[in-house]
Amino acid sequence: MEVMICLNECAAFTGEMEKRDEDLKKAQMLDARARNISHNVRCTECGSQSIEDSQADVAILLRQLIRDEIGAGKTDKEIYSKLEDEFGETVLYAPKFDMQTAALWLTPVLIAGGTAAGLVYSKHRQRTNVHIMALDLIRGVSLTPKERVTILDLLIPPPPPPQGVASRLRRSLNLR
């Protein structure tokens, strides 16, 4: 009889522990979600810190607002929309892509593209100037050291491929 009571108490205790563990995991997930959102929201008082890092009164209130919204079952997108509606687009660290922010988003792409185009053009120009250098050689005009290197690179054929055992064997057996 005492064993049965002990087993029932152990089962009840195990059930309570599992429920506590489940509640703890759920609370940790909600806290991690709130921290993630808080890291992406700029403190309206400090301006240079996220509300997660700031200790300003506004940041504390915004963190509490986010936790309340999560508790109410709102999605991250709904929370970001609410913050943007109440505090403006500057409260978010990642602005949306629209006509006002197009220059902000496209400037790095344009700079990288321009740099790549400039490098390709300079390489092309270096190769197309070879005919001018050849004419200068014929006319007897001396070349600069850089032009000499370029001409020699173009006129000297590349070295033959290395002769390995397999290629020698193919040649000796006429198996190309």
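Modeller: Happy to! A residue is called buried under 20% relative accessible area, exposed over 50%, and partly exposed in between, using a 1.4 Å probe and protein chains only. With that, Cys46 is partly exposed, because its relative accessibility is 36%.

Please keep in mind that this is a predicted model, in which local features need pLDDT of at least 70, side-chain atom pairs count only at pLDDT 80 or more, and totals for chains, interfaces and linings use all residues. Residues are numbered from 1 along each chain as its sequence is written, and side-chain values use heavy atoms, with hydrogens and water left out.

Let us start with the setting. The protein has 7 helices and 0 strands (DSSP runs numbered from the N terminus: H or I of at least four residues for helices, E of at least two for strands). Reading from the N terminus, the order of elements is therefore simply α-α-α-α-α-α-α. Of its 176 residues, 17% count as buried.

The C-alpha atom of Cys46 is 7.6 Å from that of Ala56, although 10 residues separate the two along the chain.

Then comes helix 2 itself, which covers residues 57-71 and has 15 residues. Its first and last C-alpha atoms are 21 Å apart, close to the 21 Å expected at 1.5 Å a residue (the expected span is 1.5 Å times one less than the number of residues).

Which residues of helix 2 are buried? They are Ala59, Leu62, Arg63, Ile66, Glu69 and Ile70. Looking down the helix axis, you will find these buried residues within an arc of 125°, so they line one face of helix 2 (the arc is that of the directions from the axis to the C-beta atoms). On the face turned away from the buried side, helix 2 carries the exposed residues Asp57, Leu61 and Gly71.

Ile66 is placed in helix 2, and it counts as buried because its relative accessibility is 0%. Along the chain, Ile66 and Ala34 are 32 residues apart, yet 6.3 Å separates their C-alpha atoms. Arg63 also belongs to helix 2, and it counts as buried because its relative accessibility is 14%. Its C-alpha atom is 6.5 Å from that of Ser38, a residue 25 positions away along the chain.

Now follow the chain onward. After helix 2 you meet Gly73, which has a positive phi, near 90°. Next is helix 3, residues 76-87, whose 12 residues should span 16 Å at 1.5 Å a residue; the distance between its end C-alpha atoms is 16 Å, which agrees. Here the buried residues are Ile79, Tyr80, Leu83 and Glu84. These cover an arc of only 135° around the axis, which puts them on the same side of helix 3. The face of helix 3 turned away from that buried side holds the exposed residues Lys77 and Asp85. Just after helix 3, Gly88 takes a positive phi of about 95°.

To bring this back to the part you asked for: helix 2 has a buried face that includes Ile66 and Arg63, and an opposite face with exposed residues, among them Asp57 and Leu61. If you turn the model so that you look down the axis of helix 2, the 125° arc is the thing to search for.
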